[in-house]
Amino acid sequence: MRRRAFITLLGGAVAWPLAARAQQAKLPTIGFLGESTPVAQSERTAAFVQRLRELGWTEGRTVAIEYRWAEGRSERFAEIATELVRLKVDVIVTSSTPAVIAAKQATSVIPIVFAIAADPVGTGLVASLARPGGNVTGLSIQSTDLAAKRLAILREVVPHLRRLAIMANVGNPASALEIGEVQAAARALGLEVTTLEIRRAEDIAPAFEAIEGRADALYIPTEPLVLTNRVRINTMALGARLPTIYSGREYVESAGLMSYGPNRPDLFRRAGDIADKILRGAKPGDIPVEQPTKFDLVINLTTAKALHLKVPESFLLRADEVIE
């Protein structure tokens, strides 16, 4: 009896880790396609994971997350999306139009949630905001709608602004749309506009050389290539004595002059809500694309001082954050 009990116990000891592994293998899995680097996206990712935890999804216990990072190289999006499809994840979470397009091309079955997309209807990601259809939904930042407001904000701090340069990754369909909006808004204000086209990191330095002495400020549509290279861009902009305006705080934190746009961590937090609905059975095509509710105006006073710009007190009082 003792021998039989021992064998039974031993069998249970062997079976337990096998059962545990089998159970772990069955965890719902999120494929996280990061368009930049873990460091650049740390605040966003933390907001997403925290919201999942609040909704009952604990990483490693009740949900698995497969992270992959494109490091700002758009050519990697398709490769990563294909890998996540091969892993048979339950939902793909990503941001930026090119990354969503790559995921959409890789699968028409696995649900895709975008935490950030500049103009999901204009770039063809969804049929409409109210009824996305297909396997894609998420949060729109409607970046093109804010172009004129950003220019108005920029002129408050750079009153001598006459010549505007736009530096944009023209390989990103959302950036291409935003360029048009910025150009129209700038011309309506009587500004002279120069557009600098970049497609890879190696294009950044030549773009600055081309603009030398030809601009009073620099407008930069934000996307993965720009996010990954934001420190380099801001260093060069300071060297060229060019005030910069972006759409997100992380660019100002990296010595950009100012930003105005949706709060990115809040968007990733809300992407957690959408992922939760899908993991519980909702269809992405039935979940309306949401729009931002929280906008931040951020200015870097250290950068302003380096550029010899005097920021109006009224502007500082309106700012959501002043970095010193």
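Okay, let's start with a term: a cavity here is a set of grid points where a 1.4 Å probe fits but cannot get out. Keep in mind that this is a predicted model.

Take the largest cavity to begin with. Its volume is about 180 Å³. There are 20 residues lining that space, and the closest to its centre are Ser96, Ile116, Thr222, Glu223 and Pro224. Helix H4 (97-106), helix H6 (173-188) and helix H8 (224-228) each give two or more residues to the lining, and H6 has the largest share, with three.

Now the second largest cavity, at about 40 Å³. Which helix gives the most to its lining? That's helix H9, residues 230-239, with three residues. The lining residues include Asn234, Leu242, Gly256 and Leu307. By class, we get six nonpolar and four polar residues, and no charged ones.

Last stop, the largest pocket, which is an open set of points. About 220 Å³ of space lies in there. Of its 18 lining residues, Glu43, Arg249, Glu250, Glu253 and Pro265 are the closest to the centre. The elements giving two or more residues to this lining are helix H2 (42-54), helix H10 (249-253), strand S10 (258-262) and helix H11 (264-279).

Key: Residues are numbered from 1 along each chain as its sequence is written. This is a predicted model: local features need pLDDT of at least 70, side-chain atom pairs count only at pLDDT 80 or more; totals for chains, interfaces and linings use all residues. Side-chain values use heavy atoms; hydrogens and water are left out. On a 1 Å grid over the protein atoms alone, a cavity is a set of points where a 1.4 Å probe fits but cannot get out, and a pocket is an open set with protein on both sides within 12 Å along at least five of seven lines; lining residues have an atom within 4 Å of a point. Grid points are joined across faces, edges and corners, and a volume is the space filled by probe spheres set on the points. Helices (H or I, at least four residues) and strands (E, at least two) are DSSP runs, numbered from the N terminus. Ala, Val, Leu, Ile, Met, Phe, Trp, Tyr, Cys and Pro count as nonpolar, Asp, Glu, Lys and Arg as charged, and the others, Gly among them, as polar.
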